[in-house]
Amino acid sequence: MKNFNDELHSMVLSGDGSYTAYSKEYGEHYHSTKDGALYESLVKHVIPAFSLKAGAKELNILDICFGLGFNTLATIHYCKKNSLNLKLNIFSPELDSSLVKSLLKFIYPQEFDELGHIILELAKSGLYQDEALHVELFLGDAREYVRTFRCEKFDIVYQDAFSPSSNPALWTKEYFDEIKNVIKKDGVLTTYSISLATRLALYANGFNVYVNGGEGFRDSTVASLQEIEGFKYVDMEHKIGCNPDAKPLTD
């Protein structure tokens, strides 16, 4: 089987030895090539989110956007590795249906070897489920999906769209208002973005904003409608005072 490669994407080796991809359409990599694809998914999304949800018996997760599937697969891998006894319900919109179908040709890290059957089903039908896991993909516009979602609200949101400069519609104040409507009061949102505009858009919707920092990766952001512990609080009023002309992105 040929390696993952088509007219719109090319596979790129990242800093932790795992592969990511470069989108020719958006002009960006799907992950930080410096931090590493798998490492970034774990330390910027999965680990901070699950540190705040320790002991949960069931979690509803919104993965924006599915892309190569690293956040979803890293979540499943993390739960298996740590023998977490819980039910995972993961829902993920993805605009590029051809990308999802091509994932069988992508070279995933060996940590995902035991998840090959899940990748196969998601690439074929966009759905995988067993007693402990439900993963459902929506092929289409992420904002349409969020607006029309009718299941229970989310415990975790992985905000992992292409950057605000490349895909601004998924970073606006109005977008995060839509996210606010589908996340639980004690839910947690994670994102690689540390831009002031992103944090202002979150803050304008009542989110408390925190820094997720650690060894071997660049800072990222954690946010919640409730106050949380374990992360450095960002005083947004002070940020606004120091940057009076700064504004969140808007539709």
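**Reading a helix residue, a loop residue and a sheet**

Me: Where is H45 found?
Reply: In this predicted model, H45 sits in helix α1, which spans residues 37–51.

Me: Is H45 buried or exposed?
Reply: The general idea is a cut-off: buried means under 20% relative accessible area. H45 has 1% relative accessibility, so H45 counts as buried.

Me: Which residues does H45 touch, leaving out those up to four places away in sequence?
Reply: Contact means heavy atoms within 4.5 Å. On that basis H45 touches E40, N71, Y158, Q159, D160, T190, T191 and Y192.

Me: Now E111. Where does E111 lie?
Reply: In a loop. E111 lies between α3 (97–101) and α4 (116–125).

Me: Why does E111 count as partly exposed?
Reply: Partly exposed is the band between buried, under 20%, and exposed, over 50%. E111 is at 30% relative accessibility, so E111 falls in that band.

Me: What is E111 in contact with, beyond its neighbours within four places in sequence?
Reply: E111 is in contact with L38 and H77. As for K232, E111 is 121 residues from K232 in sequence, and 30 Å from K232 in space, C-alpha to C-alpha.

Me: On to the sheet. How do strands of a sheet pair?
Reply: Strands pair through backbone hydrogen bonds, either parallel or antiparallel. Here, 3 strands form an open sheet in the order β1-β2-β3, and the pairing is antiparallel. The edge strands are β1 (9–13) and β3 (28–29), each pairing on one side only.

Me: How many bridges join β1 to β2?
Reply: There are 5 bridges between β1 and β2 (residues 19–23), and these strands run antiparallel. As one of the pairings, L13 has Y19 of β2 as its bridge partner.

How values were computed
Residues are numbered from 1 along each chain as its sequence is written. This is a predicted model: local features need pLDDT of at least 70, side-chain atom pairs count only at pLDDT 80 or more; totals for chains, interfaces and linings use all residues. Side-chain values use heavy atoms; hydrogens and water are left out. Two strands pair if DSSP finds at least two bridges between them. Helices (H or I, at least four residues) and strands (E, at least two) are DSSP runs, numbered from the N terminus. Buried means under 20% relative accessible area, exposed over 50%, partly exposed in between (1.4 Å probe, protein chains only).
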